[in-house]
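Hi there,

Here is the structure I promised to pass on. Have a look at it first, and then read on for what turned up.

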Amino acid sequence: MRGFPTLRSMTHQRSIEDLRAEVDQINRDLLTLLSKRGEVVAQIGHAKTQEGRPNHYDPAREDKQLKEIESLNQGPFTSAAVKAIFKEIFKASLDLEESNDKKQLLVSRKVKSEDTVLDIDGVRIGGDAPPIIVAGPCSIESEEQMEQTAAFLAARGVKILRGGAYKPRTSPYGFQGMGVDGLILGSRVAKEHGMLFVTEVMDTRDVEIVAEHADILQVGARNMHNFALLREVGRSRRPVLLKRGLSATIEEWLYAAEYILSEGNNEVILCERGIRTYEKWTRNTLDLSAVALAKQETHLPVIVDVTHAAGRRDLLIPLAKAALAVGADGIHVEVHPSPATALSDNEQQLDFAGYDKFSDALSSLLRQPASV
Ligand SMILES: C=C(O[C@@H]1C=C(C(=O)O)C=C[C@H]1O)C(=O)O
């Protein structure tokens with residue numbers, strides 16, 4: 001190989017110390033170049049994020065660089081060795097791009113250290129506000145059902161009434177909800193009792209009409225990955241209650257919230273509702289570490305839907321206590337005047353007597369501000 005002195009000519013000319021000093025200097029130069037490369041790569045990462053490309057890995061680009069490096073390599077290292085070194089550099093660069101990017105997430109506490117406290121018509125959620133209760137039937141079924149439930153809950157100080165007008169049912173033949181009539185009914189009854197109305201929106205085409213009637217838009221677990229819907233509720237100017245997906249990791253859940261914030265809507269309430277595991281004795285498995293982590297990593301309020309997490313009435317009190325103990329900003333619970341005849345979720349909704357027991361059991365925890 002041209003240009004490189006032979007071992008024999010080198011050994012007697014320079015001492016090992018001398019050579020090592022040169023290696024030390026080369027290390028420093030390499031480090032300077034590596035750091036410079038890292039800075040440029042981080043800028044590429046930032047540009048990709050701004051273009052809405054969350055996946056930064058680009059194998060074609062890496063391959064192109066490796067091919068060029070191979071063609072330029074004149075030794076003494078083999079091309080395989082040089083390529084292995086550069087692959088490590090690409091891997092570290094990708095990590096750098098992605099971790100820098102994560103630090104800049106709008107949901108992150110690193111970007112906004114203080115708690116986001118929502119104030120919806122005087123109802124405060126998050127931060128130093130006492131934990132809130134979101135309660136009401138699974139589905140809006142009739143005027144009588146909504147009227148009875150709202151009157152009962154309002155008398156007990158519940159400020160947020162829930163009720164589904166569009167229902168994401170497992171079977172297409174299950175009750176699909178009352179639609180617009182349900183929206184009108186739910187919002188009227190809530191208003192009459194001085195409550196806020198939260199209801200699920202499942203389709204981008206319905207965001208406008210649901211936002212017209214509801215005070216808070218719910219994105220349900222089955223739609224947590226519906227990125228078009230997340231963007232659309234992000235563009236609406238209503239607070240959003242974002243449930244965690246059935247099998248979503250915490251990271252995926254927080255990225256889903258990021259979709260909403262990235263459209264300019266900062267009013268997001270995260271809702272842990274249990275995840276799908278192998279366990280059969282509960283409908284889902286309540287993930288309390290997700291609540292603690294979401295509180296730690298984000299500035300958003302986090303509430304816990306104990307009804308869907310448990311799928312059975314007998315666990316609601318202990319699960320709600322545990323949720324409040326880890327710092328949840330509220331509890332979501334389904335209440336129906338007659339769960340046995342409800343058109344959905346018969347097994348898990350509380351009747352009025354059950355709700356009274358539930359709220360009595362939690363009363364001391366509900367008075368104080370959420371604590372981590
Ligand atoms: C820096 C980039 O992102 C990643 C890192 C690369 C690198 O370190 O050279 C190359 C491709 C991507 O996997 C890029 O796309 O250019």
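Three helices each supply at least two residues of the shell around the ligand: α2 (16-50), α3 (59-72) and α4 (79-103). Please keep in mind that this is a predicted model.

The shell holds 14 residues, and those that come nearest to the ligand are R37, K48, D58, E62 and E97. Sorted by class, 6 of the shell residues are charged, 5 are nonpolar and 3 are polar.

R37 has a polar side-chain atom 2.8 Å from an oxygen atom of the ligand, and for Q65 the corresponding distance is 2.9 Å. As for cover, the ligand taken alone exposes 360 Å², and the protein buries 96% of that.

Now for the chain as a whole. Its secondary structure comes to 13 helices and 10 strands. The C-alpha trace spans about 100 × 40 × 40 Å along its principal axes. The radius of gyration is 28 Å, whereas a compact globule of 372 residues would have one near 21 Å.

How much of the chain is buried? Buried residues make up 45% of the 372. The accessible surface of the protein chain is about 19,500 Å², with 55% of it belonging to carbon and sulfur atoms. Among contacts with a separation of 6 or more, 69% come from residues 24 or more positions apart.

Best wishes

Technical notes: Residues numbered from 1 in each chain as written. Predicted model: local features only at pLDDT ≥ 70, side-chain atom pairs only at ≥ 80, totals over all residues. Heavy atoms only, no water. Near = heavy atom within 4 Å. Polar contact = N/O pair within 3.5 Å; in protein donor to acceptor, adjacent residues only side chain to side chain. Areas by Shrake-Rupley, 256 points an atom, 1.4 Å probe, with all protein chains shown as cover. Helix = DSSP H or I, 4+ residues; strand = E, 2+ residues; numbered from the N terminus. Nonpolar A, V, L, I, M, F, W, Y, C, P; charged D, E, K, R; others polar. Rg over C-alpha atoms; globule rule 2.2 N^0.38 Å. Buried < 20%, exposed > 50% of the residue type's maximum accessible area, 1.4 Å probe, protein only. Contact = heavy atoms within 4.5 Å.
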